Amino acid sequence: MALRGGEREQRPLPGKLLPYGRERLPQLGGLGYWFAREAWGRGYATESSRAMLELGFRRLGFHRVWGKCDELNAQSARVMEKLGLRYEGTLREHVWLRDHFRSSRIYGMLAGEYGRPPAQG
Ligand SMILES: CC(C)(COP(=O)(O)OP(=O)(O)OC[C@H]1O[C@@H](n2cnc3c(N)ncnc32)[C@H](O)[C@@H]1OP(=O)(O)O)[C@@H](O)C(=O)NCCC(=O)NCCS
């Protein structure tokens, strides 16, 4: 995948944007991303994920797109907030990492919310 526009034209993404995972219902999509450390903070995750939202909602007819991140992963949470996904809650201590449990923040967007200004509150 290549980002379009300006200096980014034709350059491969310095990381991975996970394609929508296959869910039990075909109208549900999970969003994920990973970028090389030297590429962080340049808007790549937000820009490429925006393209995935457009694809999911406008082309593939998705009903819901969601993502999750470790509760300490502020960058990832920020990306989902910038995309307009709503914080839906925290899955408490459901992941075992080496020697302790970790919690995840869940974000989601429904088709009817795509392209609308974020709800207040
Ligand atoms: C998470 C990740 C994909 C973000 O990629 P990115 O291209 O740097 O993201 P963007 O530049 O689009 O946006 C990052 C936002 O986080 C903000 N941010 C960075 N560090 C932050 C911190 N410590 N606290 C809060 N926000 C932070 C940036 O300022 C930016 O927001 P802004 O545009 O409002 O300033 C990247 O850090 C990464 O690959 N991390 C390792 C893998 C990972 O954690 N993937 C997600 C798994 S859930």
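**View 1. The end of helix H1 and the glycine that comes after.** Gly61 follows H1 and has a positive phi, near 70°. Here helices (H or I, at least four residues) and strands (E, at least two) are DSSP runs, numbered from the N terminus. Before you zoom in further, please note that this is a predicted model, in which local features need pLDDT of at least 70, side-chain atom pairs count only at pLDDT 80 or more, and totals for chains, interfaces and linings use all residues. Residue numbers start from 1 along each chain as its sequence is written.

View 2. Tyr44, Ala45, Ser49, Met52, Gly56 and Phe57 are the buried residues to look for in H1. Their arc around the axis is only 165°, which puts them on the same side of H1; the arc is that of the directions from the helix axis to the C-beta atoms. Arg58 and Arg59, on the other side of H1, are exposed. A residue counts as buried if 20 or more other C-beta atoms lie within 10 Å of its own, as exposed if 12 or fewer do, and as partly exposed in between, with C-beta atoms placed from the backbone. How far apart are the end C-alpha atoms of H1? They are 22 Å apart, which agrees with the 22 Å that its 16 residues should span at 1.5 Å a residue. The expected span is 1.5 Å times one less than the number of residues in the helix.

**View 3. Helix H2 and its packing partners.** In H2 (residues 74-83), the buried residues are Val79, Met80 and Leu83. These cover an arc of only 95° around the axis, which puts them on the same side of H2. Which elements do the buried residues of H2 pack against? They pack against helix H1 (44-59), strand S4 (64-70) and strand S6 (100-110); contact here requires the C-beta atoms of two residues, placed from the backbone, to lie within 7 Å. Just after H2 comes Gly84, with a positive phi of about 95°.

**View 4. The shell around the ligand.** Ala45, Thr46, Cys69, Ala74 and Arg78 come nearest of the 19 residues around the ligand. A residue is near a molecule if its C-beta atom, placed from the backbone, lies within 6 Å of it. Strand S3 (32-35), H1 and H2 are the elements that give two or more residues to this shell. H2 gives the most, with 6 residues. Sorted by class, the shell has 9 nonpolar, 7 polar and 3 charged residues. Ala, Val, Leu, Ile, Met, Phe, Trp, Tyr, Cys and Pro count as nonpolar, Asp, Glu, Lys and Arg as charged, and the others, Gly among them, as polar.

View 5. Most residues other than glycine have a negative phi. Glu93, in strand S5 (residues 86-97), has a positive phi of about 45° although it is not a glycine. Glu93 is exposed, with 12 other C-beta atoms within 10 Å. Arg98 sits in the loop between S5 and S6, and its phi is positive too, at about 55°. Arg98 is exposed, with 5 other C-beta atoms within 10 Å.

View 6. The chain averages a pLDDT of 86, and 82% of the residues score at least 70. Over residues 1-7, however, the pLDDT is below 50, and beyond near neighbours in sequence this stretch has 14 contacts in the model. pLDDT is the predictor's confidence in each residue, from 0 to 100.
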